[in-house]
Amino acid sequence: MSKNTVFIARHEELPLKGDSTSLFLQIMVAIAVFLFAVTLSGVLSINSMLYNWNESILGSLTVQIMPSTNIDPDKALAETLEHQNKALELLKSLNYVEKAAPLTDKQLEKLIQPWLGDGIEIKDLPVPRIIDVKLKPHADVDFMDLAYSLSKATPMASVDNHKLWLNKLIQFADGIKILALSILALVIMITSGAIFYTTQTSLGLHRYTIEILHLMGAKDTYVAQQYAKRSAILAFQGGIIGLLLAVPTIFGIASLAQQIEGGIISEASLSSLDWLVIIGLPVFAGIIAMLTAYYTVKQTLQKMM
Amino acid sequence: MLGPVNNKSNAIIEMQNVGIRYGQGPEILSDIKLSLKKGSFHFLTGKSGAGKTSLLSMMYLAQKPSRGTVSVFGHNVNFANRDALAMLRRRIGVVFQDFRLIDHLSAFDNVALPLRVCGMDEREIRKRVMELLQWVELDRSIQATPATLSGGEKQRVAIARAVINRPDLLLADEPTGNVDNDIAPKLMKLFVELNRLGTTVVIATHSEKLISDFAYPRLHLQNRNLKIFAPNTPVNMGGFHV
């Protein structure tokens, strides 16, 4: 039959694409994904920073040699260097030490330059000497034992395994991380709330059509699936927009952070896995929107009709 | 979950002491007792406001009774959950007095609706819908939306939608009220043919001509109650309770 070959375009029973809640949903999800991506990149950066700190700090320690109190500066220097050599000798004899090297005069001058300014002669100053010790990978170090051995070799030596200041930094970073994770949870809650609200509003707008669908034998699932599909698509589209805005922002923040002196923040970089998580956010938003819309419809229809 | 099935009865619809009221208002229908056998054909009559639409809406499961029990296809609707009611509705075709077509859908999509909610294959849907639209002489308007159709054309779309799924029960509220005189007998012929194939039919009408032309028993609503009259018996002859 020639009439049967006529192309018939199928229209959706529920015209959800054009309804007034669609744009609102897309904008909400775009904002949410933007905030989520930027905050998440912060959390992931802090994580990588903590990891880097742990890696570098756990693999090293510092031995400090207190300066001799001899009033003759030349003698004092000679005594201090002697103590340093004794400590160095001991350190090199330890099987878990990979490398132990005293900081040179130039390095020491650079370290105290912020306090005492340029043009200082380190040899003339009663400042502690420092030995930088690099440990072998996965070295099992008994710090109490090391401190005891060092004190026997020279009473002027003390060990600093950086744990004290590192712990404070870790606590601070952990605090920021908890704050950021709370923001992420809040963003998810607000987005779900917005989807709940838009879905309920849309159900009210399409009440007449839904009643007809029910009278034709449609189950709540039939309606819920249409809403779930629409919400997933809209949220994914909104998520892509949010992501496109977030990526340059993340790069912007990263480049600003790298300009800060100190090298601490520059260690905070995102791995390719981190990026994969961030790029996957629109899909995540789509799934959340789909589930929220589905259960909102099921719940609302029970009360509505 | 479906309600308990009453296998002993051959009734498609059974009502026991059914009353219906809206809010705190008085009962619109009281103590309705009714048993419609499989394959029966009845007219439903009564003055405007007598409760015909309320009675029909209980039959197509749009509302539950305020009291009493209603069983459809042997299932007590008081105990049926939402999904079970949906499954029962799939076996019922309804022609509404106000058509209840979906305005943004074409005639084709409106008629296809009951098949789509059942998840039928689109090729089969297309075949069935095209065939039926040709039969009701709407094959030239398949893409037309209800807003562009005349009252009679809308009614034919509504009828096509009600019968497309070959329902076990067909309920029609003034189905020939808006159609031209030449097509009304054709539509009635469709209902008669469906009835001959086993569909139970209830047609609410004010048309005495329709009632006299087709010799089927009449359910008459009067004083909130229901009486049955044999074919071609005037309502002032008394009738009897069902």
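## A hairpin to start with

Let's begin in chain B, where strand 9 and strand 10 make a hairpin with two residues between them, and B:Asn223 in the turn has a positive phi of about 50°. Strand 9 covers residues 218-222 and strand 10 covers residues 225-229; they run antiparallel and five bridges join them. Strands count as paired if DSSP finds at least two bridges between them.

A quick word on the ground rules. This is a predicted model, in which local features need pLDDT of at least 70 and side-chain atom pairs count only at pLDDT 80 or more, while totals for chains, interfaces and linings use all residues. Residues are numbered from 1 along each chain as its sequence is written, and chains are lettered from A and ligands numbered from 1 in the order in which they are written.

Chain A has nine helices and four strands. These are DSSP runs numbered from the N terminus: helices are H or I with at least four residues, strands are E with at least two. Read from the N terminus, the elements go α-β-α-β-α-β-α-β-α-α-α-α-α.

The C-alpha trace of chain A spans about 110 × 40 × 40 Å along its principal axes. Its radius of gyration is 32 Å, whereas a compact globule of 305 residues would have one near 19 Å. That radius is taken over C-alpha atoms, and the globule rule is 2.2 Å times the number of residues to the power 0.38.

Chain B has seven helices and eleven strands. Its radius of gyration is 18 Å, close to the 18 Å that the globule rule gives for 242 residues, so chain B is as compact as a globular protein of that length. Its C-alpha trace spans about 45 × 45 × 35 Å along the principal axes.

How much of each chain is buried? A residue is buried if 20 or more other C-beta atoms, placed from the backbone, lie within 10 Å of its own, exposed if 12 or fewer do, and partly exposed in between. For chain B, 42% of the 242 residues count as buried; for chain A, buried residues make up 29% of 305.

## Nonpolar cores

A nonpolar core is a set of buried Ala, Val, Leu, Ile, Met, Phe, Trp, Tyr and Cys residues joined through C-beta atoms within 7 Å. The largest has 114 residues, and those with the most contacts inside it are A:Val33, A:Ala37, A:Ala289, B:Val111 and B:Leu171. Apart from that core lies another, of 14 residues, including A:Ile65 and A:Leu88.

## Where the chains meet

Contact means that the C-beta atoms of two residues, placed from the backbone, lie within 7 Å. By that rule, 18 residues of chain A touch 22 residues of chain B. Helix 6 (207-215) and helix 7 (220-258) of chain A each supply at least two residues of the chain A side, and helix 6 gives the most, with five.

Which residues of chain B does A:Ile212 contact, leaving aside its neighbours within four places in sequence? They are B:Arg100 and B:Ile102. A:Ile212 is found in helix 6 and counts as partly exposed, because it has 19 C-beta neighbours inside 10 Å. The buried residues of helix 6 are A:Ile210, A:Leu213, A:His214 and A:Leu215.
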